[in-house]
Each structure stands twice: as structure tokens, then as C-alpha cells.
Protein chains: 2
Amino acid sequence: MAMGTAVELITIGDELLLGFTIDTNGAFLARELAAVGVSIVRRTSVGDDATAIAGAVREALERTGAAITTGGLGPTSDDMTKPSIAAVFGRGMRRDEAILEALRARWKARGWGGTLPRTNEQQADVPEGASILTNRHGSAPGIWLEDERGWVAMLPGVPREMRGMFTEELLPRVRERAAAGGAATVVLSRTVRTTSIAESALADLITPVASRHTDVSLAYLPHWPGVDLRVTARGDAREAERAVTSAVATLREVAGAHVYGEGNDDLAAVVLDLCRAQGAQVAVAESCTGGLLGGRLTAIPGSSDLFRGGVIAYHNAVKVEALGVAEATLAAHGAVSVETAREMAAGVRARFGCDVGVSITGIAGPGGGSEEKPVGTVCCAVDVRGDVVAHRRQMVGDREEVRQRSTQWALDLLRRGLTGSLSKRPA
Amino acid sequence: MAMGTAVELITIGDELLLGFTIDTNGAFLARELAAVGVSIVRRTSVGDDATAIAGAVREALERTGAAITTGGLGPTSDDMTKPSIAAVFGRGMRRDEAILEALRARWKARGWGGTLPRTNEQQADVPEGASILTNRHGSAPGIWLEDERGWVAMLPGVPREMRGMFTEELLPRVRERAAAGGAATVVLSRTVRTTSIAESALADLITPVASRHTDVSLAYLPHWPGVDLRVTARGDAREAERAVTSAVATLREVAGAHVYGEGNDDLAAVVLDLCRAQGAQVAVAESCTGGLLGGRLTAIPGSSDLFRGGVIAYHNAVKVEALGVAEATLAAHGAVSVETAREMAAGVRARFGCDVGVSITGIAGPGGGSEEKPVGTVCCAVDVRGDVVAHRRQMVGDREEVRQRSTQWALDLLRRGLTGSLSKRPA
């Protein structure tokens, strides 16, 4: 790899060793860096421990010559990123009066009252000889340190602040280094998103045609939304673009209707785009997912044009009163049945005056299963302008996985319903 | 740290460098290992690259002498954990006939049809001289390799499989090593969970009393549910227990009503426990959160005893028709107002025949803000047996953060409403 095209990401904080944090920073940085031909080649998490922080940075400098750290710049006593890394560069710390003034002004402007607390003042401490990465989105400034071994950029851990600082302050520097290092080569990735098909079944479709595309690498990324297929090529920008485009076309051809999008496409956004194109208003009726389907749709900005609302029909009485499910249907087939799912979808569509209704009813577990309907049994229905189709499926996983997979499946049924590719054979 | 009490976690897969994965494995392993006095001292993520995998394992062996890897044991061509690590130990690979038979039997039992695909057969390849960690929850077996430098355990990446294999196969070995290494010392952590208070405001409450507890370390962990306070002590088991218990008591005292729980306590579960104790049935009415509040409550097993359901009232017509909000209220105060929030909470409580109703209405952004009601303006109300209280707050963050924080805030208002600690002053 050309000098300047590889970087290591070091995330700092005891909480990261516990793994509770959902790391959106890594995804953001990987995507933004790839666009300028730079790859994250290793990620390391260490605790709030000066020796561990210094060790990880020293190794990254020696191995790769470039590191971005996130976290440990905040006001509390466990934040020790700056002094630990200053020590790796043999630098002391100094208090920066300009930063201190900015912190005080910010405190006052926010109307937080009183004077800047002592604990916040240490955010104005910077290593000797460092460049400051200005924080326009929060209080902790970032730091750039560099010597003959390479460079380290210290960013805050809070995603909003990290993103702003990266884009405004760090990306221009990284791009400059990559260009200086002769990075005519790029790393180009595209991801094809599939759902409702297993990884090994996909592999059996793809393996026979893989030999046509030896100029790309292919990764299977299975998770609850489905299996993503990531194609990557490295090298000359135009060659890589051609190789990736050709491989993506092949994947789309063999995976067919299982493909719902590319990149970060969210199935909920795909479904809303279909609704927008057809001028269709949507309503949802949810039992076991308890609002997750509505949550997915309303996560998409602009969904208010198309999504009217829904009923969380957890209790059977709500299914009857708010959705008009017949008590006889519940008695004969049970709450988790294709029959109940049909009436829920049709009921919410009619009552909310929509073109499309979607329903989910299932047994998320851990309790509530039976021999006939084990935990993971889920029924979904879509009513597209009066044409109602219901299916039943057996989901694997724990309660949360069953709920997430069910939500994704309901969206997929709606996608197929709106594109005329939904099987109507009774489930 | 005593031999046998530290381990490194190495996660393998190109997708991890992209950071899209929500790592629940790390949290599980950290918790389970801490209980037997073992800490994860470093986490490293490398791609599906034999050199990088081997390098990370070699370094961990030299630095810490113990490593757990997750991922890269699956059937596809990008899974290369086993041969890469075998090479670090100077071992070749052999095909294990017993594993192959088990894979074939599993394939047949699942009714997947045909014979085991060639791509799946390589899951039966194991390093020479390795111990097998049996997988009772999936197809890929785990591997244990060891020499004079230390040990490496290779677990699958799929959480359900990883957890089962860890508990059944790996934990007994790790416990044995920790005992053999003289781990009379333990690492004991407890976390106190707060919400509706900023990190620096908490620090100003806590800093004056921190000197009473020099025998523990304290970490502030801010994220959207609030700020968690983690107290950690190392050393003799009884001493550590005493130090942590005492520090937790102090934190609970100074943080007062901002504390909603400990450890992994979910505010939704805390609220449902309060409802259960009071025999209170709950319903929700959601606008900007679109179902997330229902989703949080129904994520808790057993919630069906207490949660009846709700209305996702995204469109104003739904607020009027399904919740009984007065058109005059919407016209006079707007959909995002304490007045509308009050009528939504009261309406859903009455219509769903519940003891308690909770509502959320706000502007999640990015569009829809105004000078008077900028993006992030959120109003919530709780109606506890006819006693309705509404508040307005300004949330920071992007659309998803505003929605998550609003949901957490609504749950917190309900908690305070049920415990009689909710301020009734008009917001």
C-alpha cells in the first residue's frame, strides 16, 4: 500500500472494552477515508489507561505511520488521551489561553449559569508543539501531533463533534498526505444488499460466477437486515471503477429479487420511495414488534408525507377495537395466524384511510411458544389497495432478533407487494 | 495484573473495519470474564487478511499471553481465521471427519435439501494439534490452540453461537487458567445509571465527594440513555466488594432522583416494574418517535401483562380521530405543544382503558423547525390515573438521537410520575 493510504483507528475509553458502545464513528471514518483512497487497516480499543493508550499509539506509528484516535478528550478525570500521547512524542502539556477563553464564552452563551467549572478547564490543555483541530460543534478541541515516525490526530468521541471536526479540520490534511504519498491508487467498495435468503444459499448462486471477477474481492456480511455483499477493488481509479461496476452487475443478476438496494440503503427508505412513486399512503398494525415497524419508517426524513401512523395492537382487545379484527378470527385461528394478520392489515388500511396497510403478529419469545406455533413464529400481511396477501415464517434468534427480522421481513413483503413480485400462494 | 487475569479480544472481518457492526459480543465477553476476575485489556479489529490476523494474534500472545478471537469461521471464502492462526503456531490444517459428519447431519436435519455444499465443508478444517470447542448452536466449531507463549480461542462471530460456545466450552478453561495463575484478585465493577443530567453537572456533584473513595476508579460514560457512572475496584474479592458498595452508595446519594438503575437496567424495564407493583396498565401515543416508545416497552419480556398498545399518531388527522385531540388545540398551539401532548396522553389512556398514558410529540428534524420551535423541540406528557403533567424540552443531536433521547425522556417522566417525583410546574 502506498505511503499515506493506510491509517489505524484507536478508540479510547474503558467503556469500549466493555463493548456497550454502538460505534458509528468507525463507519463514518471508514467511508469518508475510502473516498480519498485511504483505508482503516486496524482498529484498536484501549481503556482509560495512560500506558495502554501510549502503547497502542506507539505501535500504530511504527506499523502504519498514521493514527486517528477518538475519545478521552472530555472534561472528566478519566480522560487522558492528550497527556498520554504527548508523552509518546516526548512533549509536555501547556494550557492554551485562546481555547480557555472560547470554553468560557461557550459556557456563558449556553446560559448554563455560573463560571466554567474547574473540571472543564483541562479541555484547554494541549501538548507542546501540537496543531489544534478546532471544534465548532462542541467544547473539546482536537489535536494533531507529528514527527518523523508519522502523525496522530485526536478527535472527540461524541459522533456529532467528531464528524464536524473530521470533515472541516482533518480530512484536508489526510487528503494532502495521501496525495504526497503518491496515492494514485484508490480503494473502491460497493455493497449490494439482499434479504430473505441465507448466506450459504447466496454463496451457491454466486460461487459459479465468481471466476469472472478475479479483479475484485467479495465479502459476505450477514446480519439481521439480510446478507450484504461487499465488492472491493484496489488500484487505478478507472480500472477499479470498471471492475466493481461489472461485479455488482453480476451479483444483481444472480441474486435477482433478493436485492433491495446498495450501500447504506435502508429497506424502509426503499419502501417509502416506492410509495412516493405510486402516491401511496401507508399505515401499520403491529403486535409482537410493538412499534418497531413504525420506528423504522419514521426514521427516514420526509416519511411524514407518506406514513400516516398506526396501531400498536399488543393486547387482543386492541386488535378488535382499534383494528376491527373479528373476535371469531382470534378464537378460531389465534392472534398469531395469517388470518389475524390479514384482518389487521386490512383494518388499519381502512381505518387510517390509506392505500397500503402492513401488519405483523408473532411470538417473539422467550415465552408464549407452543408445539404448533413455536417461539419465532411470525405472520405478516400487506394490503395494497384491497389486495391482501399474508405469509407465515419461522424466525431464528432471541426476542430482539425475532422482532428486528420480522420488521425487516414485513418491509420486504411490502416492497414485493408494491413492485408486483409478491408470491400470493397461501403461506 | 496476575498471569491469567488479562485477555485480549481480536475481532475479525472486513466489515468490522467499516464499523457497521453493533458489537454485542464484546459486552457479553467483558461481563462474563469480569465475573471470574479476568479483564479484556485490549480489543483489536482486523480485516479478512491472513497477515493482519496473524500479526494481531502474535502481538497479543507476546503482550498478554491470551486472546479470544471472534469471526471468520464461516463457510465463505473470506473466512480465514483458522489457517492464519494455525500458521502463527507453526501448524498445518487437517479435515476433521467427525466434524464433517456432524455438518452433514445438521444440513439434513434442517431439511435444506441436497448434500452439504462444498463451501460449507471447509468448516470441518482444523489446525493440527488443536482442541475443538464444540458448537451446539450452529455449524462452525471453535478452536483452542496453545503453546509456551499462551493460548488463543477462536469463537464464531454470530452472537448466539458465540455465547453458547463461550459458556459451555471456553469459560471453564479460562477459569482454570485464572485460578492456576494465582488470580486471588478480582476486578469488580458496578454501574449506576443516571438520566436527565449532563456529564459536567454530574461531575460537579461527584467531584467534592470523590476523595472519600480513593480505592475505586470512576468512569463517566455518556450516551443517549444518559450518563452511566462506572465504579471499579481491583484486588482482594471482599475488599473490592466493600469499596464498590460504598462508592455506589455515595453516587446514589449525590445523584439522587437522577438515578434510575444499575448495571444493564433498562429504563423501560424499570418503568414496567413500577407499573407491575401498582397494577397499572400502560398505553402510548407517539408522534415524532413513530413507535420507538412502544418498541422500548415491548422489548422487555413479559411486557404483555402491562402494556396494552398504542397509537402512532404521525399525521394530525390520526391525533384527532384515534386519540381525540381537539382540532382547536392543534390550531391554537400546534402539534408540537404541551397542550397537544396532554390531550394525546389523556386520549390514549381513556381510549385504551388504561391507568397510565404517555405521549411524545416533537420535531426530530432535519426539516420542520422554526424560530419558536427549533428542531429538537419535544413535548411529552404523562397521564397517571387522570393526573396529567406535560413538559417541553430542547434535545440536541441528529434525527435519530432526538428520537432516542425523547423516548428515554418520556420513560423517565413516567418513572417520576409513578414514583411521585415528577415536577408539575408547567414546562
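Contact is taken here to mean heavy atoms within 4.5 Å. In this predicted model, A:Arg42, leaving aside its neighbours within four places in sequence, is in contact with A:Val7, A:Glu8, A:Leu9 and A:Arg63 in chain A, and with B:Leu17, B:Thr44, B:Ser45, B:Val46, B:Ala52, B:Gly55, B:Ala56 and B:Glu59 in chain B. A:Arg42 belongs to strand β2 of chain A, which spans residues 39–46. Because its relative accessibility is 6%, A:Arg42 counts as buried. Its side chain is joined to that of B:Glu59 by a polar contact of 3.2 Å. A salt bridge also links A:Glu59 with B:Arg42, with 3.2 Å between the closest N and O atoms.

The interface between chain B and chain A draws on 77 residues from chain B and 77 residues from chain A. The two chains bury about 5800 Å² between them, of which 55% lies on carbon and sulfur atoms. Across this interface 6 salt bridges are found, and 23 residue pairs are in polar contact. On the side of chain B that touches chain A, the residues comprise 35 nonpolar, 23 polar and 19 charged.

Over all chains, the structure holds 50 salt bridges. One of the salt bridges pairs B:Arg230 with A:Asp14, whose closest N and O atoms are 3.8 Å apart. B:Arg230 lies in strand β11 (residues 226–236) of chain B and A:Asp14 in helix α1 (residues 14–18) of chain A, so this pair joins two chains. B:Arg230 counts as buried at 6% relative accessibility, whereas A:Asp14 counts as partly exposed at 23%.

Salt bridges also occur within helices. In helix α15 of chain A (residues 399–418), A:Arg405 and A:Glu401 are 4 residues apart, about one turn of the helix, and their side chains meet in a salt bridge of 4.0 Å, N to O. A:Arg405 counts as partly exposed at 25% relative accessibility, while A:Glu401, at 19%, counts as buried; the cut-off for buried is under 20%. In chain B, B:Glu101 and B:Arg104 form a salt bridge with the closest N and O atoms 3.0 Å apart. These two residues are 3 residues apart in helix α5 (residues 97–109), separated by about one helical turn. Both count as partly exposed, B:Glu101 at 45% relative accessibility and B:Arg104 at 35%. In chain A, salt bridges that share partners join A:Arg95, A:Glu101, A:Arg104, A:Glu121 and A:Asp125 into one network.

The structure holds 0 disulfides over all chains. For A:Cys275, the nearest cysteine sulfur, that of A:Cys354, is 9.6 Å away.

Methods. Residues numbered from 1 in each chain as written. Chains lettered and ligands numbered in written order. Predicted model: local features only at pLDDT ≥ 70, side-chain atom pairs only at ≥ 80, totals over all residues. Heavy atoms only, no water. Disulfide = S-S within 2.5 Å. Buried area = accessible area lost by both parts, 1.4 Å probe. Polar contact = N/O pair within 3.5 Å; in protein donor to acceptor, adjacent residues only side chain to side chain. Nonpolar A, V, L, I, M, F, W, Y, C, P; charged D, E, K, R; others polar. Buried < 20%, exposed > 50% of the residue type's maximum accessible area, 1.4 Å probe, protein only.
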